[in-house]
Amino acid sequence: MAVAYAVRERIVDRWIDETRDHYEGGAKQVYYLSMEFLTGRLLRDNAANLGIEQALRDALRPLGVEFDRIREEEPDAALGNGGLGRLAACFMESMASLCIPAFGYGIRYDHGLFRQEIRNGWQQEFPEEWLRFRNPWEFARPEIAHTIGFGGSVAAVPVGEARVRHVWTPEETVEAVAYDTPVVGWRGRHVNTLRLWSARSSEPLLLDAFNRGDHLGALSNRMRAEAISKILYPADDHPAGQELRLKQEYFFSSASLQDLVRRHIRTHGDIRSLPDYAAIQLNDTHPAIAIAELMRIMVDQHDVPWDEAWEAVRRTFSYTNHTLLPEALESWPVPLLERLLPRHMQIIYLLNAVHLDHAAAAAPGDLRLLSSVSLIDEAHGRRVRMGHLAFLGSHKVNGVSALHTRLLRETVFADMDRLYPGRIVNKTNGITFRRWLLQCNPGLAALAAEAAGPGVRDDPSLLRRLRPCAEDAAFRERFAAVKRANKAALAQHIRRVLDIAADPDALFDVQIKRIHEYKRQLLNVLHTVALYDELRSSPSRARVPVVKVFAGKAAASYHRAKLIIKLIHDVARVVNSDPVVRDRLKVVFLPNYNVSLAELVMPAADLSEQISTAGMEASGTGNMKLALNGALTIGTLDGANVEILEHVGAEHLFIFGLTADQVEHRRRSGAQGAEAIAASRRLAEALEQIESGVFSPDDRGRYRDLVASLRGADHFMVAADFDAYWNAQQAAAGRWAERPSWLRSAVLNTASMAWFSSDRTIAEYAREIWNVPGAC
């Protein structure tokens, strides 16, 4: 805490000065609304960006304290789940590094997602106590609080003879209290603000009830309010969970809009000029209700005429779509919205009526089009399509990779694109090289600076100077030495956490990401079982030693994903204890995956598993981080893998499997997984062992339904892609056996990743969507 406070002191003055200067100078601000900000630990991040990390090390050493020991004591901020939250954190850092004035807005979760523990191979969820010893980077701002309403009624109050004003009287209110964290850009050039909202009851204690002896009842309002900011993504497979999720989304969207509107009016006087001074980016559909909320604020509270307000809203908002998955394109039951946010439902109805009039005029008589583009899905129990609302209320809608953007135009938003052509654009995701190279892999960063020049720390494009080094045998060996040191550090961690010996000279085959069927950890497990069978049947045959490294969390209510975690552990138990296999195959699952664990694993990876079902991964950023650190990608033509292929070159990746178009064709044809299984001896044998209970003798029927799903529709193309995946793995093993060839490809992966910097991505947003110049 003392070290963190010492660093914080170097930040605060410039933070205050720059924030004041931006407002006094009339600078246009970016407001980034996101349910997640997965910042990770901030001590090293802030010290490195300020350029004082070495000074800290020098100051601590005479005290007998090592800086690396100190920084490992900092808990990871439990403010996100995976790629969405980590992307938001990278973007905030890049905006600060490019001197783009910005506020990040989200929720200050008391416990975040959950802490994952593995007990007997099963995932168990526990509260993440990241705030137990306080957060030294945040500043509580109790003077900044906004009232958030839920429920109640709406009255139409006459105003003059020709119009009425709608007055919403909420039944329930909570307070959103601000907590501010400075976001430091590279070289300390600029500091932005991450403002997170914590829920507080407007009536924390019902004193009469308490004095009557109803002590729990006296605290019920407080408990109900504070539940809003307790955890990220509460299970929503029941009505109470759905209501809490919607409350969370409205809570932070409303607080953020009230906050930025208050600041805008104080500085510029008139809410009508908001689009000239504010660019609001919706990070996925979670904050989409902000569209209706800003309309409510402008029309009901500031008397802006409807058409003028709608034009201002559209000019202010833009929307990033991150997924084609139906469950992530949120929709809410109309009765829930009518009960919880009655005025917003009225606004959505009117927006929809005007929108459908436009659609009917554009395509007279096309009832299918009207049904497709309506904000209300009438086919599934009347639900509000939040993705459609975000699209309609934004002047730009972006995908996050070239393939994803194409599929947005062709599938999810095909009809919306037809009505509003040119609104969909692409902004391929990026990562901040400061954290994912300079900080997490200092050995490789030093080698790159030596070979490409010290300017590479400021300008990632200079990494291309490493390309000729791939032909230099001496450089390749130094590159390999850095990689082995990183692998030794990971092997030590594996030994300490799991008591499993992992050979640093083996091929580290890494799949670290959220556990989901479309990400196909199951395909990787099936390869592991088939490889295990081959090792047992030919024990004397020379083979490349492999360490399979898995990590990731499954959503608490996602039972199939949790079953896949159990399968990984069941296979690991059998494989790791088989004396025939010896050290030629190890399987490890590292629990409680977070940013800090990723910083340890990614520099140590040799093979990067990016094997999602083609057409289902929007972009991915783990693929970029692993390639930057010299891992070769084994993957499908999905998400940003396509662009990595273009920049790195096909000969330096292992691409396999069905394309997105082929996946769609196979689904339409009704092809069954049984056909692919019958054609693949290895796959059939692996599935038979799993199904019969070879890996689960305590419950031989545990995986019967899982295997049956592959024999049937095989929706995620696990069976269909298995043989192609096996062949790609064989090609990777062959390349690994040819050390100079592998190292050449590894160097070229690192050298070819400059385009994937989040600085490039943010510069594109600023120039082409937000119309905000950098101030550096």
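A patch is made of residues with over 30% relative accessible area and no salt bridge, where like charges are joined within 9 Å and nonpolar side chains (Val, Leu, Ile, Met, Phe, Trp, Tyr) within 5 Å. A salt bridge is a side-chain nitrogen of Lys or Arg within 4 Å of a carboxyl oxygen of Asp or Glu, and accessible areas come from the Shrake-Rupley method with a 1.4 Å probe, only the protein chains shown counting as cover for residues.

This is a predicted model, in which local features need pLDDT of at least 70 and side-chain atom pairs count only at pLDDT 80 or more, while totals for chains, interfaces and linings use all residues. Residues are numbered from 1 along each chain as its sequence is written, and side-chain values use heavy atoms, with hydrogens and water left out.

Leu205, Leu207 and Phe210 make a nonpolar surface patch of about 270 Å². Leucine 205 is in the loop between strand E9 (191–201) and helix H6 (207–211); helices (H or I, at least four residues) and strands (E, at least two) are DSSP runs, numbered from the N terminus.

The largest nonpolar core has 122 residues, and Trp436 and Leu526 have the most contacts inside it. Such a core is a set of buried Ala, Val, Leu, Ile, Met, Phe, Trp, Tyr and Cys residues joined through side-chain atoms within 4.5 Å. Its largest share, 10 residues, comes from H23. Apart from this core lies another, of 120 residues, including Met298 and Ile769.

Helix H23 is largely enclosed by the rest of the structure, because 14 of its 18 residues are buried. Its end C-alpha atoms are 26 Å apart, which agrees with the 26 Å that 18 residues should span at 1.5 Å a residue; the expected span is 1.5 Å times one less than the number of residues.

Most residues other than glycine have a negative phi. Arginine 582 has a positive phi near 55°, and asparagine 592 a positive phi of about 55°.

Valine 510 is in strand E17 (residues 507–512). Beyond four places in sequence, valine 510 is in contact (heavy atoms within 4.5 Å) with Val549, Val601, Ala605, Leu607, Ser608 and Glu609.

Buried means under 20% relative accessible area, exposed over 50%, partly exposed in between (1.4 Å probe, protein chains only).

| Residue | Relative accessible area | Class |
|---|---|---|
| Leucine 205 | 41% | partly exposed |
| Valine 510 | 0% | buried |
| Arginine 582 | 46% | partly exposed |
| Asparagine 592 | 16% | buried |
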